[in-house]
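Good morning, and thank you for making time on the agenda.

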Number of protein chains: 2
Amino acid sequence: MDVLKAIKLRRSIRRFKKGGVSKDIVKRILEAGRWAPSGLNNQPWRFMVLEGDNKDGLSRYTHYSSIIKGADKVILVFLDKKDSYNYEKDLMAIGSCVQNMLLYVHSQKLGACWLGEILNKRKEISKFLRLSSNLELEAVVALGKPLKGKDKGARKSLKSLVVRV
Amino acid sequence: MDVLKAIKLRRSIRRFKKGGVSKDIVKRILEAGRWAPSGLNNQPWRFMVLEGDNKDGLSRYTHYSSIIKGADKVILVFLDKKDSYNYEKDLMAIGSCVQNMLLYVHSQKLGACWLGEILNKRKEISKFLRLSSNLELEAVVALGKPLKGKDKGARKSLKSLVVRV
């Protein structure tokens, strides 16, 4: 799929059909994330893939539990603080990594939703998953086959975003 | 250009040929950035495009001034603090926005370099450009026609990035 088309037509998908995201596809999604740029190429991202009971267990930690329960799999993205060199830049790098994954997912006609509110329960999730203390949860991406048509999407006009010198 | 191909073959380009990034292309680059996802769709990014003397003036604020001087144009990406709802999530959204632009640039056979070290001189740059106080510089993207072949790129193995439950 063409890059600009993928960028402009990708949408958050919150409802999914049953099944359908193979291990091979998940591997290629992570591969897309892995090739993101980062400051000093420090690659501070780490991934965890959850499905089944572990995935459903995670759904307790968000108001959007139905998205996680309905998803075939979820990818958790962590900042590895041992590889951090600048927190702000690391977060931008992780945003870039997540966007790579979302674009690849869309290009495969699959759907994804980037969940943020769940970060409010980082500490509890860290206990639930027995994470080592260097891993800080930054993003959760729910994955699956899209249930139905996508919304139109809304963005501010380009004019309103450009600052003149 | 195919999404995964663009993701895997994009590289930072630090040396450029003269000229060559039309206003139309710049508009489409910003358009790619504009369609990034953000928390609550708050779209906290703002853009400024510099060329000529303004661009060269900016080069004083980084050790990598040759990249900025050699570039045809640079795009500055700001966080508009008036539209912020969560600083961490805003930074990830901006990372996602920058990655959209980098991928589109690459798909057009142009080159770009995402500069980070220049953020050390935020305050001075804010004065130089007479920015309003709600705009915080987060990224600078140098743009131009690539001078020569790209490097191979190096990334950690996927295996080393995946955390098991």
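How many residues does the contact take from chain A and from chain B? It takes 55 residues from chain A and 55 residues from chain B, where two residues are in contact if their C-beta atoms, placed from the backbone, lie within 7 Å.

A word on the basis of these values. This is a predicted model, in which local features need pLDDT of at least 70 and side-chain atom pairs count only at pLDDT 80 or more, while totals for chains, interfaces and linings use all residues. Residues are numbered from 1 along each chain as its sequence is written, and chains are lettered from A and ligands numbered from 1 in the order in which they are written.

On the side of chain A that touches chain B, H5(A) gives the most, with 15 residues; helices (H or I, at least four residues) and strands (E, at least two) are DSSP runs, numbered from the N terminus. By class, that side has 33 nonpolar, 11 polar and 11 charged residues. Here Ala, Val, Leu, Ile, Met, Phe, Trp, Tyr, Cys and Pro count as nonpolar, Asp, Glu, Lys and Arg as charged, and the others, Gly among them, as polar.

How are the two copies related?

Let me turn to the helices. At what angle do H5(A) and H5(B) pack? The angle is about 55°, and their axes are 6 Å apart. Axes are lines fitted to C-alpha atoms, for helices over the stretch in contact, and angles run from 0 to 180 degrees between N-to-C directions. H5(A) and H5(B) are therefore oblique to each other; angles under 35 degrees count as roughly parallel, over 145 as roughly antiparallel, 65 to 115 as roughly perpendicular and the rest as oblique. Residues that meet here include A:Leu91 and A:Ile94 in H5(A) and B:Leu91 and B:Ile94 in H5(B).

Within chain A, H2(A) and H5(A) pack at about 140°, with their axes 7 Å apart. H2(A) is thus oblique to H5(A). Among the residues making this contact are A:Ile29 of H2(A) and A:Met101 of H5(A).
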